[in-house]
Amino acid sequence: MGAAAIHVHEDGFTETGGLAALTGLAQGYDFATTTVGLRADATFAASWPLTARGLLGWRHGYGAAAPLTLMSFQNSPSPFAIAGLPIGRDAFVVEAGLDYAATANLTLGVAYSGQYSQLASDNAFKAYVDLRF
């Protein structure tokens, strides 16, 4: 089980360049998630030091699902709202990885992580070197 709280703050800004220049108001929004699922890992024989990791879970989001910013054109009395892409309230979460312990201080690994909801999907692949000293 996991949880995250996210606060995003935008500073205000003013463009230059005539009537089409924008002014953005300073603002922020909050979003939180909880994740429930099953995480497992297994290490194979000592002669071949591999560790496999995995996660299957469900993530639920709370708060501002769609980032919103207020803008106005130069010399305009009324601002207008621009909404970003909404974040899916519920998502299936999957992670898988494989680590190879080359030495006691050096680990090489590859991993995949993904989130799948009705609104969007997010995928990431990474390879890494972990050197401890």
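Predicted model: local features only at pLDDT ≥ 70, side-chain atom pairs only at ≥ 80, totals over all residues.
Which side chains meet in a salt bridge at 3.2 Å, N to O? The side chains of Arg-53 and Asp-99 do so, where a salt bridge is taken as a side-chain nitrogen of Lys or Arg within 4 Å of a carboxyl oxygen of Asp or Glu. Residues are numbered from 1 along each chain as its sequence is written, and side-chain values use heavy atoms, with hydrogens and water left out.

Arg-53 is partly exposed, with a relative accessible area of 31%, whereas Asp-99 is buried, at 15%; the classes are buried for under 20% relative accessible area, exposed for over 50% and partly exposed in between, with a 1.4 Å probe and protein chains only. In total, the structure holds three salt bridges. Another of them joins Glu-95 to Arg-39, with the closest N and O atoms 3.7 Å apart. This pair also links distant parts of the chain, Glu-95 being in strand S8 and Arg-39 in strand S4, 56 residues apart. Glu-95 is partly exposed, with a relative accessible area of 30%, while Arg-39 is exposed, with a value of 60%. A further salt bridge is formed by the side chains of Arg-132 and Asp-130, at 3.0 Å from N to O. Here Arg-132 counts as partly exposed at 36% relative accessibility, and Asp-130 likewise counts as partly exposed, at 34%.

A pair of aromatic rings is described by the distance of the centres and the angle of the planes. A search of the whole structure finds three aromatic pairs, the criterion being that rings of Phe, Tyr and Trp (its six-membered ring) have centres within 6.5 Å, with planes under 30 degrees apart counted as stacked, over 60 as edge-to-face and the rest as tilted. Among them, Trp-48 and Tyr-100 form a tilted pair, at 5.5 Å centre to centre and with 45° between the planes. The pair links distant parts of the chain, since Trp-48 is in the loop between strand S4 (27–43) and strand S5 (50–63) and Tyr-100 is in strand S8 (residues 90–101), 52 residues apart. Trp-48 counts as exposed at 52% relative accessibility, and Tyr-100 as partly exposed at 27%. The rings of Tyr-112 and Phe-125 have their centres 4.9 Å apart and their planes at 45°, so this pair is tilted. Tyr-112 lies in strand S9 (residues 106–116) and Phe-125 in strand S10 (residues 121–131), so the pair ties together parts that are 13 residues apart in sequence. Tyr-112 counts as buried, at 17% relative accessibility, whereas Phe-125 counts as exposed, at 69%.

The largest pocket has a volume of about 270 Å³. On a 1 Å grid over the protein atoms alone, a pocket is an open set of points where a 1.4 Å probe fits, with protein on both sides within 12 Å along at least five of seven lines, and lining residues have an atom within 4 Å of a point; the volume is the space filled by probe spheres set on the points, which are joined across faces, edges and corners. The lining of the largest pocket comprises 18 residues, of which Ile-87, Gly-88, Ala-91, Gln-115 and Ser-117 lie nearest its centre. Two or more lining residues come from each of S4, S5, S9 and S10, and S5 gives the most, with three residues.

Leu-119, in the loop between S9 and S10, counts as exposed at 53% relative accessibility, and its C-alpha atom is separated by 7.6 Å from that of Pro-86, 33 residues apart along the chain. Glu-10, in strand S1, is partly exposed, with a relative accessible area of 33%, and the C-alpha atoms of Glu-10 and Thr-69, 59 residues apart along the chain, are separated by 8.6 Å.

Conventions: Helix = DSSP H or I, 4+ residues; strand = E, 2+ residues; numbered from the N terminus.
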